[in-house]
Amino acid sequence: MNIIRLYKSRKYLLKLLLSITILMVVFLSVSTTLLYYNSDKTMLQMQQQADLKVLSQIKYNIDYMHETVKNIAVSTYFDPDVVYLSNIDVMDKGELAQKLNRLEKTVTNSSFLQNITIYNAKTGCYYSTLSSLNCQDDGMNGVIDQYIHSQKHIPILTFVPLSYDKTTFPALSMFIYDSMSGSKLIVTIKPSWLFDNLTNMNKTSDELHGSIFVTDQSGIPLMAQQQGKVIATDAIASIIRQKVSSGVSQDYLVYGSGGNKSILSFMSSSKSDWVIASVQPYEVVWGKLSKMRAISLVIIIGFLILSIAGSLLIAYRLYRPIEHLLNQVTGIRRKGSDDRSDLDELKFISTAYQDAMHQLVKHESEEHTNRSAHKTFALRRLISDASLPTPEEIEQVDWDIDFNQGVRVCVLLIDDFVEFESKTSDAEKRLYKFAIANITKELVSKNVSCEVVSMRNDHFVLLVGESLEPHGDHVNSLTHAFQELQQTLLQYYRFSMTVSIGEKVDRYQQVSQQYGLAMENASYRIIFGKGSIITLDLVRNNNENITFQFPADAEKKITEAIKSGQEKDFQDHLVQLFGQMKVMHYNNITYSILHLLALVENIVREMNSRTVRQVSLDFKRQVQHMMKQETLEPIYDMFLDIFQDIQKQRTQDVKEQSNQILTDTVKEMIEERYKDLNLSLQSIAAAMKLSSAHVSKQFRLNESMSISEYINDFRLRKALELLETKDYSINRIMEMVGYNNESYFFKLFKKKFGITPKEYRFKTVVQE
């Protein structure tokens, strides 16, 4: 009972024991099955080989006897005495006796000859070594005479079985003759010489259960040798006849069904045209096999019992280390109230280990978060106003840099920040900024000690300490590190960053001042472009170029180009002006852009005052849009677009202008009300107090598409944008863009983008 209770309480031990036991049982079962099925085949093969050896020996004896008798028959046939007796018309009895005596010596010298008989066709007399001098006696009670006169064709030089009443076995006679004369020589062998041998073999074969016999080509036995069970001779004759006729010289097969199955082996002799056959009862062979299987089964069962006993011992020995560990864990877990009795030992230990590791990781994470939050707060406070932290507060933080050795302030600006803000959620922003800060610190800290912090807007601040290369170029080393950082962020996150490297300061109280200067230098991204690395030497001339006055000749030439509509002149003057901006101070660049935009506004106002055809431009929107640009190139393109828009409106027909205003109004309404499920051509025309046909016609003329097509196109583009930037469900996105029919939404989406919303979201996730 104690043992059973032990195994019930030790679930893993029980699994281990069952696994080993089942493995052994499966192995033994498979081995036994293979042995069972192979033993039948193997036993039959062994029986076949034994039968064929016996049959081969009998076939050899018969063939040897056949050739010997054949040679005797041929030599005797040409003996002068035989020739004389075969052709004499009148025979003297004294001379006959002498000649028969000489033939009898030939018979006596052979161990298997019975008699020699000569048939004289002229006189119809027989002269036999076994008969009297009466010429009508063939020496075999008339059997030979009957056979000769009953057969039209008698085989030559082959054994012919001749049966008669006084003999147990048929006589085997060989005929040789000349067809012209009709006289014949008949050589007869002792049948006991062959059939006694077969009888002896049958007596010693399988305890008299089997039988060996000889048949002709048709399967009819010369003499059936039946010992034990009665053999179905008709069935055997049919099988032998069918096999021999198909050209099979020897074979081994099982015939019959149920308890009457037998094993037949046969081998044909080409010299005597006989078939030597052996029949064994299938149950005799099967009995030997069953006995062997029974012995094997007893051995396997014994081995299985020993295996189970051995598996108990092995399983317990393997379980000892686990039991020792389990006792230790159980002792620890008794302090708690959690009961895991439904788990096996390994899962219990694993759960205890995971709980312990979870608590440890949680503790370490909380400690790391507290330290990180404290350091982030201290960094932001130091960068914003270095006079706020006291020396004691600075000492309390575990810094990675030594402020006593001096620090350098660097600013990292996220390029295209407006787009970044609009396309990412708050959670994604935190994740990206966390990744950028970690990658920056990992790459830069290879060469210098550093601290990095996000300033919770469009940039990061990097405080760089002493270089790890004592005699290296500090700025050059930082430049290489920032280039590697830019490549990494662009490759993995598709982020471009502009870097501003500030000047080194000796005291931490100067950090906030250097931060302001580094931010001013970062503004020169407008000249050097996104992804640039801005150093003090690179912007020194711009910072020194403080004095500035907008060129008067540039104002005059630009005014003339706009009024005259000369696009090439306007473009040339604009290129010259923007080229001058690249050497200006950043404040003067901003002033030049605003001054140029104000100049264009004044020119448009002056032209509108002199003509009925008005030019309409939203300069307030243009100012806001330009101030969001990070480089000069898009601002330059915007001025070209303004020029082209002015000229287009000046040359546009009043009616066309009215139609364009109508089209722009329709677009604005769709962009503002695309979420409305009832938005349609009719609702838009009603709001504009125009007919639906007129609104539809004018919109199609200007946009080459219908209003409903434009609504769907705008809604689908919005849906695509939400799929890329938000984690909302597809049904929610569908409703947010103005659809309430899922199948219709999927159909439109796939028609436009060649893919369903679900497939597009999955593809986006896989690519990320």
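**Reading the model by question**

Reader: Leaving aside its neighbours within four places in sequence, which residues is threonine 756 in contact with?

Author: This is a predicted model, in which local features need pLDDT of at least 70 and side-chain atom pairs count only at pLDDT 80 or more, while totals for chains, interfaces and linings use all residues. Residues are numbered from 1 along each chain as its sequence is written, and side-chain values use heavy atoms, with hydrogens and water left out. Contact means heavy atoms within 4.5 Å. Once the neighbours within four places in sequence are set aside, the contacts of threonine 756 are Phe746, Phe749 and Lys750.

Reader: Is threonine 756 buried or exposed?

Author: Threonine 756 sits in the loop between α27 (742-753) and α28 (757-767), where helices (H or I, at least four residues) and strands (E, at least two) are DSSP runs numbered from the N terminus. A residue is called buried under 20% relative accessible area, exposed over 50%, and partly exposed in between, with a 1.4 Å probe and protein chains only. Because its relative accessible area is 15%, threonine 756 counts as buried.

Reader: How many helices and strands does the protein chain have?

Author: Of the 768 residues in the protein chain, 43% are buried, and among contacts with a separation of 6 or more, 61% join residues 24 or more positions apart. The secondary structure of this chain comes to 28 helices and 14 strands.

Reader: What separates lysine 59 and aspartate 63 along helix α2?

Author: Side chains of opposite charge can pair when their charged atoms come close. A salt bridge requires a side-chain nitrogen of Lys or Arg within 4 Å of a carboxyl oxygen of Asp or Glu, and lysine 59 and aspartate 63 meet in one at 3.2 Å, N to O. Lysine 59 is partly exposed at 23% relative accessibility, whereas aspartate 63 is buried at 10%. Because they are 4 residues apart in helix α2, the separation is about one helical turn.

Reader: How far apart in sequence are the parts that glutamate 484 and lysine 446 tie together?

Author: The side chains of glutamate 484 and lysine 446 meet in a salt bridge, 3.6 Å from N to O. Glutamate 484 lies in helix α13 (residues 474-492) and lysine 446 in the loop between α12 (426-444) and β11 (448-454), so the pair ties together parts whose distance in sequence is 38 residues.

Reader: Are arginine 525 and glutamate 630 buried or exposed?

Author: Arginine 525 forms a salt bridge with glutamate 630, with the closest N and O atoms 3.7 Å apart. Arginine 525 lies in helix α15 (residues 525-528) and glutamate 630 in the loop between α20 (619-627) and α21 (632-651), so this pair ties together parts that are 105 residues apart in sequence. Both of these residues are buried.

Reader: Which residues are linked in a network of salt bridges?

Author: By the rule already given, the count comes to 19 salt bridges. The residues linked in a network of salt bridges are Lys375, Asp400, Lys441 and Glu451.

Reader: What accessible area do the residues of the nonpolar surface patch have together?

Author: Patches are made of residues with over 30% relative accessible area and no salt bridge, like charges being joined within 9 Å and nonpolar side chains (Val, Leu, Ile, Met, Phe, Trp, Tyr) within 5 Å. The nonpolar patch consists of Leu14, Leu18, Ile22, Val26, Val30 and Leu34, and leucine 34 is placed in helix α2 (residues 11-77). Together the six residues named have an accessible area of about 510 Å².

Reader: What is phi of aspartate 416 near?

Author: Aspartate 416 is in the loop between β10 (407-414) and α11 (417-423), and its relative accessible area of 31% makes it partly exposed. Its phi is positive in a residue other than glycine, with a value near 55 degrees.

Methods
Accessible areas come from the Shrake-Rupley method with a 1.4 Å probe; for residues, only the protein chains shown count as cover.
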